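User: Hi! I'm new to reading protein models. Could you walk me through this one?

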Amino acid sequence: MINRSLVRALVTSAVLVGAGVLMAGCNSDGISLANNAKANQPVPPKLIADMTAKDMDLQSPILVRLFKQEAELEIWKQDRSGRFALLKTYPICRWSGDLGPKIKEGDRQAPEGFYSISPAQMNPQSAYYLSFNTGYPNAFDKALGRTGSQLMVHGDCSSRGCYAMTDEQIAEIYSLGRESFFGGQKSFQLQAYPFRMTPANMAKHRNNPHMPFWKMIKEGNDHFEVTRQEPKVDFCEKKYVFDAVKPPGATKDPVFEASSKCPAYAISDEIADAVREKQATDIAETARLIAKGTPVARINTGIDGGMHKVFAARVPEGNTGLSEPGDGSSLSLMARAPGTVPSHVSPPKAPSENLLMGPPEQPKLAAVPAAAPAAAPASAPASTRVANAAPTTEQNDGFFSSLARKVGLGGAADATASTPPSKPKAATEAKQQPRPDAAAPKTTAAKPDVKHAAASRPPLKPSVSDSPAPAAKDNQVAGSAPIVSTNSFDSRFGAVR
């Protein structure tokens, strides 16, 4: 414990000495970040004990998954085997909009897709206690002309296009992200979904105009489910491509651009086969549920997002909106809300008949698409990855973010990373009717085959480091929370407002 504190103090000193010239130009707001008590809160002892029980290091990489309909946020963490395992599930206090991706500024939609969270996107000076910027719009969103800014995961349980937690929850989540950065992770991946990508949900929402987009991001979900590794994310032809590697015989890695034609690429047989098998099973089960008579979910317009039931139960006239209980999650047994719910929080509007587009549809036995196998080939073996998406290097990065890069604590910028936010905006424009996404790409059942992008829409993904995650004994989880020096974290992260 003492050694760790000393190391952090030395790292901070090195950073400050190496950036002495820049320090002279710092303003008082930047310097005050070093003493930000909220951003430096230690990881709770109980959570550290859970890591120990699950064979995880305090500073190993993390990955975040969000599910709108169930109103749940999951934190996954890499264990000592190199695979990601679920550490904790948090009920989401509030999210706004409807199921479906964000289309334009002011539509109140919380984003869906794959995003990369770098240190520069962590905001210790948030107006909503603490926050981090999701990175929307990513390269895929931009290729489709989608707009929006300041889309955060933050505290205060109030949302206008964000994912809002309680202050206590975001403090814990923020501390987990901070520790992963201290451990060497360059960025962590955020996967945002409309619902858990199960056959039951796919059958229920089969007539939703966003289904082609959802099938596309489900492929990334499937890659994660079968490998328990952070999927590598690329974009081309305005689609998402997952875990692409150079094809056999190629000497250079494929270069992807969101709006350009996909280069020749391959997917390792091990991953492609496992994903193909999962997709075939899911498609068969979805078809069975449709044939059995699973009703089609109504498409709601004008509703205002969702709230987990543990929070709705404690808000006057509370309603969960679109939220539904998680699939067997222990959260359904929670006796009290995990954190303080501010008195100003209003529950989402309950869907009413005048907000529904037509009467409930009768189940349609429409032809179900044939199994959509994942792209095949390439003999590149799957290896343990350590998330390390590069932080943004735009000129308006925070001072501390730039400073961290100069001393080698940050990675190269990701061209698709969004600019750090300046201050959460209150978007009041009316929600625009979501537009249908392009049809989901077809995948070939052929096994190893070099293919030109046939994935779906694009989320952002951090590059993967070849070096193993730090598992030194110094980082081994003990039974108590580490002491974080007051200026160690903020000296590395730029202010994102």
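Analyst: Happy to! This is a predicted model, where local features need pLDDT of at least 70, side-chain atom pairs count only at pLDDT 80 or more, and totals for chains, interfaces and linings use all residues. Residues are numbered from 1 along each chain as its sequence is written, and side-chain values use heavy atoms, with hydrogens and water left out.

User: What about Lys238, what is its phi?

Analyst: Lys238 has a positive phi, near 60 degrees, and is not a glycine either. You'll find Lys238 in the loop between β11 (233-236) and β12 (239-242), and at 38% relative accessibility it is partly exposed.

User: New topic: which peptide bond is cis?

Analyst: The one from Tyr136 to Pro137 is cis, with omega near 0 degrees. Pro137 sits in the loop between β7 (131-133) and α5 (139-143).

User: Now Glu112. Is it buried or exposed?

Analyst: Glu112 is buried, with a relative accessible area of 1%. Its place is the loop between β4 (94-95) and β5 (113-117).

User: Which side chains does the side chain of Glu112 make a polar contact with?

Analyst: One is the side chain of Lys68, at 3.0 Å, and another is that of Trp214, at 2.9 Å. A polar contact is a pair of N or O atoms within 3.5 Å; within protein, one must be able to donate a hydrogen and the other to accept it, and residues adjacent in sequence count only if both atoms are side-chain atoms.

User: Last one: how do β2 and β3 pair?

Analyst: Strand β2 (residues 72-78) and strand β3 (residues 84-91) pair in the antiparallel sense over 7 bridges; pairing requires at least two bridges found by DSSP. Ile75, for instance, has Lys88 in β3 as its bridge partner. The hairpin has 5 residues between the strands, and Gly82 there takes a positive phi near 95 degrees.

Terms used
Helix = DSSP H or I, 4+ residues; strand = E, 2+ residues; numbered from the N terminus. Buried < 20%, exposed > 50% of the residue type's maximum accessible area, 1.4 Å probe, protein only.
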